[in-house]
Amino acid sequence: TNNSSDNEFFLVGNPFMSALNLDEFFNNNPSLDRTYWIVTKDSYLSGVKNEGQHWLTSDGTNAGDIAPLQAFFVRKTDNNGGTLDVKFTKDMAVAASGNTLLTRGVSNGSVCQTLQITATRGGMTSNAIIAYNENASDGFRRNEDTEALFDSNLKNAPIIYTMAGDMATAVNQCCNLNGIPLGIESNDESMVTLTFNGVELLDKD
């Protein structure tokens, strides 16, 4: 239950002692966007299903499973808050990866060309990716991009984001790689280190 009727985000959890397959989860819960966010003490990650039916995640893992007992945010497609009924089935439970990651990464490598940007300060890290997709919108589009998460619990973390139109995003799929604004949100004004992986993507334009 969401106490705010105009807040379409809900916190749910993997009830299994095994990983939760996101494809099965969203297939059985069609009232939800195929997008998720996971918040930790010092950071967060998000993921969205792209048009090639692969998961794109802000940390670049292409993770398609949620770790055992891990909580994650989802969003209703109708933009309404209130009550959400979530269905879990035995087919959603898959073998855990044997590590302590929040998600379990897909082993088939990169699913598209991406530029990953990492912001680090004092042990706190956040990530954002830009993914080249010739069919994508350069503005923000639900179920194509994911919003950056500015959570009050992360107010001192360096939250990196790029802009899709007027929306700050963690996953930003676009067809035009020129002049994409980048920013950092934080209450702490001390130095932040940025790391870029996949810079060869910028040679496209």
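**Exercise 1. Contacts along the chain**

Task: Find what share of the contacts in the protein chain with a separation of 6 or more comes from residues 24 or more positions apart.

Solution. 
- Start with the term: a contact means heavy atoms within 4.5 Å.
- Take the contacts with a separation of 6 or more; residues 24 or more positions apart account for 74% of them.
- Keep the source in mind: this is a predicted model, where local features need pLDDT of at least 70, side-chain atom pairs count only at pLDDT 80 or more, and totals for chains, interfaces and linings use all residues. Residues are numbered from 1 along each chain as its sequence is written, and side-chain values use heavy atoms, with hydrogens and water left out.

**Exercise 2. The chain as a whole**

Task: State how many helices and strands the protein chain has, and what part of its residues is buried.

Solution. 
- Helices (H or I, at least four residues) and strands (E, at least two) are DSSP runs, numbered from the N terminus.
- Buried means under 20% relative accessible area, exposed means over 50%, and partly exposed lies in between (1.4 Å probe, protein chains only).
- Of the 205 residues, 44% are buried.
- Now the surface: the chain exposes about 10000 Å², and carbon and sulfur atoms supply 47% of that area. Accessible areas come from the Shrake-Rupley method with a 1.4 Å probe; for residues, only the protein chains shown count as cover.

**Exercise 3. Strand 10 and its partners**

Task: Work out which strands join strand 10, and by how many bridges.

Solution. 
- Two strands pair if DSSP finds at least two bridges between them.
- Strand 11 (residues 124-132) runs antiparallel to strand 10, with eight bridges.
- Why is strand 10 largely enclosed by the rest of the structure? Because six of its eight residues are buried.

**Exercise 4. Thr118**

Task: Locate Thr118, decide whether Thr118 is buried or exposed, and list its contacts.

Solution. 
- Thr118 sits in strand 10 (residues 114-121).
- Its relative accessibility is 13%, so Thr118 counts as buried.
- Leave aside neighbours within four places in sequence. Thr118 then contacts Thr125, Ser126, Asn127, Thr193, Leu194 and Thr195.
- The side chains of Thr118 and Asn127 are joined by a polar contact of 2.7 Å. A polar contact is a pair of N or O atoms within 3.5 Å; within protein, one must be able to donate a hydrogen and the other to accept it, and residues adjacent in sequence count only if both atoms are side-chain atoms.

**Exercise 5. Salt bridges**

Task: Say how many salt bridges the structure holds, then describe the pair Asp188 and Arg121.

Solution. 
- A salt bridge is a side-chain nitrogen of Lys or Arg within 4 Å of a carboxyl oxygen of Asp or Glu.
- The structure holds eight.
- In the pair Asp188 and Arg121, the closest N and O atoms are 3.8 Å apart. This pair links distant parts of the chain: Asp188 is in the loop between strand 15 and strand 16, Arg121 is in strand 10, and they are 67 residues apart.
- Arg121 is buried at 7% relative accessibility, while Asp188 is partly exposed at 31%.
- Another pair is Glu144 and Arg141, at 3.0 Å from N to O. Glu144 is buried at 8%; Arg141 is partly exposed at 40%.
- Salt bridges also form a network of Asp33, Arg75, Arg142 and Glu147.

**Exercise 6. A nonpolar patch**

Task: Name the residues that make the nonpolar surface patch and the elements that give two or more of them.

Solution. 
- Patches are made of residues with over 30% relative accessible area and no salt bridge; like charges are joined within 9 Å, nonpolar side chains (Val, Leu, Ile, Met, Phe, Trp, Tyr) within 5 Å.
- Leu182, Ile184, Leu194, Phe196 and Val199 make a patch of about 380 Å².
- Strand 15 (182-185) and strand 16 (193-197) each give two or more residues.
- Check Phe196: it lies in strand 16 and is partly exposed, with a relative accessible area of 39%.
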